[in-house]
Amino acid sequence: MEYVKLINCMRCGMCLPVCPTYKETFLETASPRGRVALLRKLQEGELEQSERLLEFLSLCLDCQACASACPCGVNAGELVAEFTCQRKTEKGLGFMEELILRRLVPHPDRLESSMGPLRLYQRSGVQKLVRTLGLLKMFPRPLERMEGLLPELPARPLRQEIQEVTPAAREERGTVGFFLGCVMSLIFSDASRATIKLLSSLGYKVITPRNQLCCGAPNMLGGDLEGMKQDARANVEIFSGYDVDFIVTDCGGCGAELKRYGHHLEDESASAFSAKVRDISQLLALHRDELRTMLKPLELKVTYHDPCHIAHCQGIRAEPRELLKLVPGLTFTELNEADACCGSAGTYNIQRPEMSDRILKRKLDNVRSSDAEVLITSNPGCLLQLKKGLAEQLPQVRIMHLTELLAQSMEGESV
Ligand code: SF4
Ligand code: SF4
């Protein structure tokens, strides 16, 4: 880790009020400033890697709200992630990490096969029985958490369903490569179907390469930098086989990762790939005037949760709001602390259930105060976490991906 990144912190404390773990604990060691200080002391040899120290560092969600607030460009979340990667490189991957991060996640076909038993579990009625009888309490805690987060799975992953090339629905204005995120394909396939439909309606030919791999974000979460680079190299090569104007994704986590391929791989083709990447809201916002004429009224009270990977990691805040405000009849209310993490953060909600639940509660309290009927967001992790939270605590509020709502407005369907 570059020492200069650690000494840039001038200890002003401007990051403290935005850090979710500091807001919950008021502990300096659970704040961005404290984490930077711990990493600095480690590097200077004044501290050892004790369990307690690792515990404080691992409480970080890598939400990067601190980076948005810091006047000195310090990114505590990224520094902690870098430290985790360094440790993992020194220690090597464990058996299960190797199995999940290298042999399962990067292979869409294996990932899809692994979901088969879960689909059967849901469709056979066993899930309903397990939940009704409260049998989940007998599962190990992480398994109980994972099961609780699982929404109803679509009949088939979207990757198996869509054509590699979706033609433009009108005079063609360009070609986009669509990066279909794993979780979007496996769980939120309606949202990605809506994304492709919107792009096609606006005159884009959409190419979704069938052999694309995971973006590598799960590897980064697990500290497996080399695994992420392997996925990145493969994806850069796959997309370089197509002549596309943009590479679009509707998954905030994927978008943040894809935009950093150039930084991680440090080569020209990876930089060219990253330069073409756009979050779907960025591309749709370029056509806002046209979209305005295509959208039909939806009488709804809506609010928006900024995924960390979109607001803090990609700096996209205005576009999703502008797009929502294009829908006739829609009432948009700004959510209090809209860009605060929801507590999902990859597998944080499974590994750190108590802190995750505290952070989620704060988010749900803000949703309740907004009086919205529909909560919009654009990242699968947030969708999973908030869907579960809303079902338990605010069942009257529905959650949708941004593109689902826009596509329904375009179709003139009621939500
Ligand atoms: S990380 Fe940035 S905002 Fe936080 S205390 Fe240091 S300089 Fe200030
Ligand atoms: S990344 Fe998020 S949780 Fe971690 S120090 Fe920064 S604000 Fe706090």
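Predicted model: local features only at pLDDT ≥ 70, side-chain atom pairs only at ≥ 80, totals over all residues.
No disulfides are present in the structure, the count being zero. A disulfide is a covalent bond between the sulfur atoms of two cysteines. A pair would have to come within 2.5 Å to be counted as a disulfide. Cys308 is also buried, because its relative accessibility of 10% falls under the 20% limit for that class.

Turning to the overall fold, the protein chain contains 26 helices and nine strands. Its radius of gyration is 21 Å, close to the 22 Å that the globule rule gives for 415 residues, so the chain is as compact as a globular protein of that length. Taken along the principal axes, the box filled by the C-alpha atoms is roughly 65 × 55 × 45 Å. Of the 415 residues in the protein chain, 53% are buried. The accessible surface amounts to about 18,700 Å², and carbon and sulfur atoms contribute 53% of that area. Among contacts in the protein chain with a separation of 6 or more, 75% are made by residues 24 or more positions apart.

With a relative accessible area of 41%, Arg141 is partly exposed. Leaving aside residues up to four places away in sequence, Arg141 touches Pro353 and Glu354. Although Arg141 and Pro353 are 212 residues apart in sequence, their C-alpha atoms are 9.1 Å apart in space.

The surroundings of two ligands complete the picture. Around ligand 1 are Cys9, Met10, Arg11, Cys12, Gly13, Met14, Cys15, Arg33, Cys70, Pro71, Cys72 and Val74. By class, this shell around ligand 1 consists of nine nonpolar residues, one polar residue and two charged residues. Ligand 2 has its own set of neighbours, namely Cys19, Pro20, Pro32, Arg35, Cys60, Leu61, Asp62, Cys63, Gln64, Cys66 and Gly77. The shell around ligand 2 divides into seven nonpolar, two polar and two charged residues.

Notes: Residues numbered from 1 in each chain as written. Chains lettered and ligands numbered in written order. Heavy atoms only, no water. Near = heavy atom within 4 Å. Nonpolar A, V, L, I, M, F, W, Y, C, P; charged D, E, K, R; others polar. Buried < 20%, exposed > 50% of the residue type's maximum accessible area, 1.4 Å probe, protein only. Helix = DSSP H or I, 4+ residues; strand = E, 2+ residues; numbered from the N terminus. Rg over C-alpha atoms; globule rule 2.2 N^0.38 Å. Contact = heavy atoms within 4.5 Å. Areas by Shrake-Rupley, 256 points an atom, 1.4 Å probe, with all protein chains shown as cover.
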